[in-house]
Amino acid sequence: MSIAHEETILIVDFGSQVTQLIARRVREAGVYSEIAPFNMAEEAFHRLKPKGIILSGSPAGVPDEGSPRAPEVIFESGLPILGICYGQQVMTHQLGGTVESGSGGDFGGEFGRAFIEISEECVLFDGLWQVGEKHQVWMSHGDKVTEFAPGFRIVATTEGAPFALIADDERRYYGTQFHPEVVHTPDGGKMIGNFVRHVCGCAGDWTMAEYKDAKIAEIREQVGDKKVICGLSGGVDSSVAAILIHEAIGDQLTCVFVDHGLLRMNEREQVETLFRDHYNIPLVVVDAEARFMKGLAGVTDPEKKRKFIGGEFIEVFDEESGRVGGADFLAQGTLYPDVIESVSFTGGPSVTIKSHHNVGGLPERMNMKLVEPLRELFKDEVRDLGRELGLNDQFVGRHPFPGPGLAIRIPGEVTKERCDILRKADAIYLEEIRNAGLYDAIWQAFAVLLPVKTVGVMGDQRTYDNVCGLRAVTSTDGMTADVYPFDASFLTRVSTRIVNEVKGINRVVYDYTSKPPGTIEWE
Ligand code: XMP
């Protein structure tokens, strides 16, 4: 349970893919925010004593039977409310207006880029937009408001949504049909900033240092005097989670680093140095390579690999926790993108894209509760938190590395031999990236080993060996990504080195796919 902040915005979640982006935009405006699912929003409202409320979008439609509603208490509270997309529609419906389904009639929905025309002044446009101007926004809706509730006026319109932005200044209610929280609405973040500062009256002086303190208090409250075991992956997320938890509860925390044989070159040694020598955090290193390789033998389906690795991890933890004298909690560095991409439509928000190792693989039999202090953060926010905890820039700037490790970079069967080949190619690629001074400009770069053999010629000899794929992307949160445009000379250099230095690879290709439609990892 979290602590009530001086100034909090409550975000009521109706299950949109991008609800967390609302929280992020509010935090960027220097105001603390918390998300509560719509059916727990009333409890959160009383606990948090918010200064204002934002209603999220949803995969549901207001006219659909059983679709979610906002708790009445928020309308009775007299507090400012911003409804976004479904949030606008549900607010309209609950306040006496009309929302029509897109499935009947001529309106088939409005998806993607749209341009709104500003028709009247509004506090949300302060310092941003003037009457008569047109601005880009992002739309994603099938249903729409056809009659607004009493007290509202229209302040902006698009072709598909005559009620693109409606306002009731007296009650301080605002409703946008578009999504101000996504980057494709370029001024949307500032608009949300106007809502929380100018409408809700928040000062906007909240910082990551406060977030850290709040999380530490929350962890202490959740854990009490119990023991926590934390799975380190070697990456930034689990490291930041562990250091934060250690700051909260000291040596009640034991870290377990499972060497599953799917790690990058020298990764295990680096973790040992950081945790044992630098932070003095109790660390158990488990050599589980043989066990993981055995379980992965013959497994080629990506979801099966992920499920196996996730499940096996938890088993190793269970065993280790017994060995260190029992732990009641398992800590993980789960981030928000892992959460939304893993939750199924029926369980609440959005569709399953991949079962992320941190969340999807948890078997029923796991007998520890979870501590996941980074669950509502994006990667760059985790980096800020890491710096706040004293980690240096080089460490917090490390590229993300997925829980299932190299297994999801080896399409087809994973073997120790293939991991060894990939490790060498990956190390060369990253060394060249660092030498070229490009590491920090790239979100994530790694090599992939394809289950394809091709013919080559080396020193007059025919070769028949593996193909190595190189991937490098830029991104701000891992949710979308662009291909990093290396110079041809750079790629040639890396390719030459890999083919010459890594036995088992005779061809190198560069992956030129953005996300979407690709994902960053290959599986
Ligand atoms: P995708 O491949 O889904 O990856 O575009 C988005 C980001 O998430 C990382 N990733 C994972 N991280 N456990 C993790 O901790 C996982 O199972 C996992 N799968 C993908 C990926 O490296 C990228 O940064």
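Where does UniProt place the feature "active site"? I checked the record: the unreviewed entry puts it at C85, H179 and E181 (positions are in the numbering used here, feature names are shortened, and annotations may be inferred rather than shown by experiment). They span 97 residues in sequence, yet no two of their C-alpha atoms are more than 10.9 Å apart, so they gather at one spot.

Housekeeping: this is a predicted model, where local features need pLDDT of at least 70, side-chain atom pairs count only at pLDDT 80 or more, and totals for chains, interfaces and linings use all residues. Residues are numbered from 1 along each chain as its sequence is written, and side-chain values use heavy atoms, with hydrogens and water left out.

Next I looked up C85, which I found in the loop between β4 (81-84) and α4 (86-94); helices (H or I, at least four residues) and strands (E, at least two) are DSSP runs, numbered from the N terminus. Buried or exposed, C85? C85 counts as buried, at 5% relative accessibility (buried means under 20% relative accessible area, exposed over 50%, partly exposed in between, with a 1.4 Å probe and protein chains only).

Then I traced the sheet that holds β4: 9 strands form an open sheet in the order β2-β1-β3-β4-β11-β10-β9-β6-β7, with mixed pairing (two strands pair if DSSP finds at least two bridges between them). Its edge strands are β2 (32-37) and β7 (134-141), each pairing on one side only.

Strand β6 (residues 110-118) pairs with β7 in the antiparallel sense over 8 bridges, and R113 has W138 in β7 as its bridge partner.
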